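Dear colleague,

Please find below the structure I am handing over to you.

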Amino acid sequence: AAAAGKPPPRQAQQQPRMPPLSEIKAAIPAECFKKSLPTALFYMARDLGLLGGSFYLARAYALGNPLLLLVHALVSGFLMWCAFVVGHDCGHGTFSDSALLNAVCGHVCHAPLLVPFWPWAFSHRLHHQYHNHRVKDRSYPWFDEDEWAALGPLKRGALKSIAAPFYLFPAYLFMEAFDGCHFWPFSHLYSEGATSDRVKCVASTATVVGFAVLAKEACGSWGAFAQVYLPAYFVFAWWLFTVTYLQHHDKGTKVYDEDWTFVKGATETIDRTYGLGIDKFHHHITDGHVAHHLFSRQIPHYHLEKATAGVRSVLEPLGLYKQRDTRDFFVRVFVYNSTMGSRIERLAKGA
């Protein structure tokens, strides 16, 4: 027995009460669950309009000028990421009440980013369904130290390389080694899917190929396409990796197996503040991500800020809400990925 006056051992201390999803939902204003098609279309038009304007200016004035091409890549890469977030709502069904419109707008947002919309939405749903599950979570595989060692030096080096945030997302989409190739209808991605999912894969891949051909024609040559598009694409890939990695990886992050529950997994998600107006401009996907994971199919991005206040009011008093000021995100992603990655023990120890 513990000595009188001394706290019980850590493992014997009472665990925080895990509130049911209904209790969290009751704390969120009802209007947060209402979709507004005009609002959704406005943000889609804003992001794609700015993106199109940026590429037009680059094609007209930046070719052959390394400094202007760099500025273009940084600006356009971020705008591509913003457009991805709008398409991401289409994948969750929070863009509109029409499945057809969600599919059309999702392809319009994602094809210019070389992301096959339906296959990505298929794998992303599995990530949300099993967030922070030891085995069933998708997107970022979790490794114990034995599994990490078994990868071998080449794969370990590729995953923790300083350049990894720039190439891991396209590698994830193309390679069978992760969740499966998102461009191939016979990928193991669809081992539990239906024939219709494979047909959708072909359709989404065709839209990506079609966009690439049209973009090359607009640029005039593959050389101009490589100058104007590819650097911006890798900046976009960096934004996607940075935001999604930091949403789910922090010092003390836990994953669960037999004791996993949907709410428990969601509370391992981290809301992060990037500052400089970034959180607002890319649709509060950084500072409203806990609410998004709890209600990904019900709350559109333009309500995440208000919904987060309700979620926080329930989780924070229980010690279950994680929020971090991450204005150093452009450094932290490299440090965390190279030192902790998705290694379970490293994350738990925070080193």
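**Overall fold and dimensions**

Of the contacts in the protein chain between residues at least 6 apart in sequence, 69% join residues at least 24 apart. Please bear in mind throughout that this is a predicted model.

The protein chain contains 17 helices and two strands. Its radius of gyration is 21 Å, close to the 20 Å that the globule rule gives for 351 residues, so the chain is as compact as a globular protein of that length. Along the principal axes, the C-alpha atoms of the protein chain fill a box of roughly 80 × 50 × 45 Å.

As to burial, 52% of the 351 residues in the protein chain are buried. The accessible surface of the protein chain amounts to about 16,300 Å², and carbon and sulfur atoms account for 64% of that surface.

**Cysteines**

How many disulfides does a search of the whole structure find? The search returns zero. For C82, the nearest cysteine sulfur is that of C109, 11 Å away.

Are C82 and C201 buried or exposed? C82 has a relative accessible area of 0% and is therefore buried. C201 also counts as buried, because its relative accessibility is 0%. The cut-off behind both assignments is a relative accessible area under 20%.

**A nonpolar surface patch**

On the surface, a nonpolar patch is formed by L67, L70, V71, L74 and V75. Together these residues have about 460 Å² of accessible area. One of them, L74, is placed in helix α3, which spans residues 66-92.

A203 is located in helix α9, which covers residues 195-219. Is A203 buried, partly exposed or exposed? Its relative accessibility is 34%, so A203 counts as partly exposed, since that class lies between the 20% and 50% cut-offs. In sequence, A203 and F183 are 20 residues apart; in space, their C-alpha atoms are 9.7 Å apart.

With kind regards

Definitions and conventions. Residues numbered from 1 in each chain as written. Predicted model: local features only at pLDDT ≥ 70, side-chain atom pairs only at ≥ 80, totals over all residues. Heavy atoms only, no water. Disulfide = S-S within 2.5 Å. Buried < 20%, exposed > 50% of the residue type's maximum accessible area, 1.4 Å probe, protein only. Patch = residues over 30% accessible without salt bridge, like charges linked within 9 Å, V, L, I, M, F, W, Y side chains within 5 Å. Areas by Shrake-Rupley, 256 points an atom, 1.4 Å probe, with all protein chains shown as cover. Salt bridge = Lys/Arg side-chain N within 4 Å of Asp/Glu carboxyl O. Helix = DSSP H or I, 4+ residues; strand = E, 2+ residues; numbered from the N terminus. Rg over C-alpha atoms; globule rule 2.2 N^0.38 Å. Contact = heavy atoms within 4.5 Å.
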